[in-house]
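These are my notebook entries on one structure.

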Amino acid sequence: MEPTATPSAPAGPPQLVGKVLKEAQGVADGAGYDVVTHDASDRDDGQWDADGWKVCFQTAGGQRGGGRPVLDLGVVRVDSPCPAADGEAVSWPVMPGIAGATLVRAGEMLEAVGIRKVRPESVYTDVALPADPGTWRVCFQEPAPGEEVENPQYATAYLKVAPPDAACPEEPYARLRPEPAS
């Protein structure tokens, strides 16, 4: 009499942290695991699109009805950073203070926190922005320094800039050359 084959238990759970949820589900299934998911942030959003979420945390979730073992995956939206711990708020980057920096340097500082769109505008209503304002200095910025920037990859930084040879005014939309008194 030949022994009957018994299904073998998975060797160990695959490491899924950092993977997009859709890929993680496929890897887990191929390794013999079922998957349940939850929002790893403090928002409790539903995960309706497996391509739009990534895995931040992974824990064993027991077994379903004596069947396959289950992995519980804590996930956040793909463009979001993972929270420090499962269930905590996501820590978004903060807007750097860029006043006084050249537009080129300001762009580098903004890129470092994930802001890709920069909209410069002359701080003076009577001075046009040149085709290449890279050496112009930032006088005012929006978002404000220290402000948390949620989804920085979609944010726009609005910068009021002055020519290199002009000082920043006290307020935006000033005139560099006041109109003569009549």
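**Entry 1: nonpolar cores**

I began with the largest nonpolar core, which has 22 residues; Met95, Ile98, Leu110, Tyr124 and Leu159 have the most contacts inside it. The elements α2, β5 and β6 each give two or more residues to this core. A nonpolar core is here a set of buried Ala, Val, Leu, Ile, Met, Phe, Trp, Tyr and Cys residues joined through side-chain atoms within 4.5 Å. Buried means under 20% relative accessible area, exposed over 50%, and partly exposed in between (1.4 Å probe, protein chains only). Helices (H or I, at least four residues) and strands (E, at least two) are DSSP runs, numbered from the N terminus.

I note that this is a predicted model, in which local features need pLDDT of at least 70 and side-chain atom pairs count only at pLDDT 80 or more, while totals for chains, interfaces and linings use all residues. Residues are numbered from 1 along each chain as its sequence is written, and side-chain values use heavy atoms, with hydrogens and water left out.

I then listed the contacts (heavy atoms within 4.5 Å) of leucine 110. Leaving aside neighbours within four places in sequence, leucine 110 is in contact with Met95, Pro96, Ile98, Ile115, Val118, Ala157 and Leu159.

**Entry 2: disulfides**

How many disulfides does a search of the whole structure find? I record 2 disulfides, taking the term as a pair of cysteine sulfur atoms within 2.5 Å.

Cysteine 56 and cysteine 82 form a disulfide, with sulfur atoms 2.0 Å apart. This pair links distant parts of the chain, 26 residues apart: cysteine 56 is in strand β2 (residues 53–63), and cysteine 82 is in the loop between β3 (69–77) and α2 (103–112). The torsion about their S-S bond is about -85°, so the disulfide is left-handed. Cysteine 56 is buried at 7% relative accessible area, whereas cysteine 82 is partly exposed at 35%.

Cysteine 139 and cysteine 168 form a disulfide, with sulfur atoms 2.0 Å apart. Cysteine 139 lies in strand β5 (residues 137–142) and cysteine 168 in the segment after β6 (156–162), so the pair ties together parts 29 residues apart in sequence. This link is left-handed, with -80° about the S-S bond. Cysteine 139 is buried at 11%; cysteine 168 is partly exposed at 36%.

**Entry 3: two single residues**

I found glycine 87 in the loop between β3 and α2, partly exposed at 40% relative accessibility. Not counting residues up to four places away in sequence, glycine 87 touches Ala40, Ser41 and Asp42.

**Entry 4: salt bridges**

I counted 11 salt bridges, each a side-chain nitrogen of Lys or Arg within 4 Å of a carboxyl oxygen of Asp or Glu. Arginine 105 and glutamate 108 meet in one (3.4 Å, N to O); both lie in helix α2, 3 residues apart, about one turn of the helix.

Arginine 177 and aspartate 126 form another (3.8 Å, N to O). That pair links distant parts of the chain, 51 residues apart: arginine 177 in the segment after β6, aspartate 126 in the loop between β4 (117–122) and β5. I close with a network of salt bridges linking Arg43, Asp45, Arg77 and Glu150.
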